[in-house]
Amino acid sequence: MPVITCIDDLKRLHKKRAPKMFYDYAESGSWTEQTFRENTSDFEQIRLRQRVAVDMSNRTTKTQMAGQNVAMPVVLAPVGLTGMQYADGEIKAAKAAEKFGVPYTLSTMSICSIEDVAENVSQPFWFQLYTMNDDAFTKQLIDRAKAAGCSTLVITLDLQTLGQRHKDLKNGLSAPPKLTAKSIADLATRWRWGLGMLGTKRRMFGNIVGHVDGIKDPADLAAWTGDRFDLTLDWEKVAKIRDWWGGKVILKGILDVEDAKKAAELGVDAIVVSNHGGRQLDGALSSIRMLRPIVAAVGDKVEVHLDSGIRTGQDILKAVAMGAKGVMIGRAYIYGLGAMGEEGVTKALEVLHKEMDVSMALCGHRDINNVDENILLVPEDFEGRWA
């Protein structure tokens, strides 16, 4: 194994080893990618206060998220097409998360199905739901997640319609990849990836293919998914889905105080401050900029998590200090998966944990549950003054 000291090391290996269309799928935002960039750059504006002559022994990063014990305040976020970054990617990521002691969230648009993942792990995982305009299919997904023992339903609210991602269009993104002169030339240089794909039967969207009549190939799938996202989704429909599930529910995609208040009124277990990793509304504020106002508005009524922009353990520490109960990571673990499979996901988690733990100690704390905004130096106008 090459020497891995940071998430960027894994990112470089991911870019080298995964086909361009799938690396670009992960490493892109919508339109001009302003929000995608600021999700990470805004973290850099927040500084940490160094404290000395404090007892740093017996540290712990253990806490709870949505009532579940976690080794550190991190959940693996739902990421579509994970099984195209590395063969059987969802299974490998779920196994790494389970061994490390953090939750894994399976995307509706996964390559490995709900049942595939359930057969390969021993602990319950979370399931993320995209709301479709076909209630029968939505209920079927929910019933399958229940049967698989999923412990928590994560409902994504910010993808009723797709933000345009230029790279995906130019690369002709599909699962499995369409064989063109351009894609064949690219795949020929990714022999590790190719060998893995030859050894698996999972190459299409496992939660859809075989569960919807008439879908036999990528063209059928593209036609079906193109008009299935629910444009009519509203808070009444969200409440209905919550009731269909009947268990723990987390709402992902909250980026506005008023929406956070409406989500809290539904009595869900947690909300996730998120802009979909900068992949939907370009020009929206970064998640970390919106965290404090949302925590101030609803933090005493509902648990608040943060997603989008986490690349270091210090980012996790900053988010927790600003009021998040924990974070979701997407690209940070996808880089590891694309680089080295399950081993790479484990390495990503280890890197983030070490960075967070050591930084917490140098800020004068031994318990992640006691970290607060006193460890931070935040610009006075960080949230901005907007007309």
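Student: How do helix H15 and H16 cross, and at roughly what angle?

Tutor: Keep in mind that this is a predicted model. For a helix pair, look at the axis distance and the angle together: the axes of H15 (residues 313-321) and H16 come within 7 Å and cross at roughly 55°. Angles under 35 degrees count as roughly parallel and 65 to 115 as roughly perpendicular, so this value makes H15 oblique to H16. The crossing is right-handed.

Student: Which residues make that contact?

Tutor: From H15 you have Gly313, Gln314, Ile316 and Leu317, and they meet Leu352, Glu355, Met356, Ser359 and Met360 of H16. Sorted by class, the contact of H15 with H16 holds 5 nonpolar, 3 polar and 1 charged residues.

Student: And what about H5 and H16, at what angle do they pack?

Tutor: Here H5 (residues 89-100) and H16 (residues 331-362) pack at about 20°, with axes 10 Å apart. H5 and H16 are therefore roughly parallel to each other. Their crossing is right-handed. On the H5 side the contact includes Gly89, Lys92, Ala93 and Phe100, and on the H16 side Tyr333, Leu337, Val345 and His353 are among the partners.

Student: Can you zoom in on one pair? Over how many bridges do E8 and E9 pair?

Tutor: Strand E8 (residues 248-254) and strand E9 (residues 270-273) pair in the parallel sense over 4 bridges. Within that region, Leu251 stands opposite Ile271 in E9.

Student: What other helix pair could I try, say H7 and H12: how far apart are the axes?

Tutor: The axes of H7 (residues 135-147) and H12 (residues 235-245) come within 10 Å and cross at roughly 35°. H7 passes H12 in a right-handed crossing. Asp135, Thr138, Lys139, Ile142, Ala145 and Lys146 of H7 touch Lys237, Ile241, Trp244 and Trp245 of H12. By class, that contact has 5 nonpolar, 1 polar and 4 charged residues.

Student: Which backbone details deserve a look, for instance at Pro176 and Ala53?

Tutor: Check omega for the proline: a cis peptide bond joins Ala175 and Pro176, with omega about -5°. Pro176 lies in the loop between H8 (166-171) and H9 (181-187). For Ala53, check phi: the value is near 55°, positive in a residue other than glycine. Ala53 is in the loop between E1 (47-48) and E2 (63-65).

Student: Last one: what does the radius of gyration say about the protein?

Tutor: A compact globule of 387 residues would have a radius of gyration near 21 Å, and the 20 Å of this protein agrees. The C-alpha trace spans about 65 × 50 × 45 Å along its principal axes. In secondary structure, the protein has 16 helices and 12 strands.

Note on methods:
Residues are numbered from 1 along each chain as its sequence is written. This is a predicted model: local features need pLDDT of at least 70, side-chain atom pairs count only at pLDDT 80 or more; totals for chains, interfaces and linings use all residues. Side-chain values use heavy atoms; hydrogens and water are left out. Axes are lines fitted to C-alpha atoms, for helices over the stretch in contact, and angles run from 0 to 180 degrees between N-to-C directions. Helices (H or I, at least four residues) and strands (E, at least two) are DSSP runs, numbered from the N terminus. Angles under 35 degrees count as roughly parallel, over 145 as roughly antiparallel, 65 to 115 as roughly perpendicular and the rest as oblique. A crossing is left-handed if the near helix is turned anticlockwise from the far one by less than a right angle, and right-handed if clockwise. Contact means heavy atoms within 4.5 Å. Two strands pair if DSSP finds at least two bridges between them. The radius of gyration is taken over C-alpha atoms; the globule rule is 2.2 Å times the number of residues to the power 0.38. Ala, Val, Leu, Ile, Met, Phe, Trp, Tyr, Cys and Pro count as nonpolar, Asp, Glu, Lys and Arg as charged, and the others, Gly among them, as polar.
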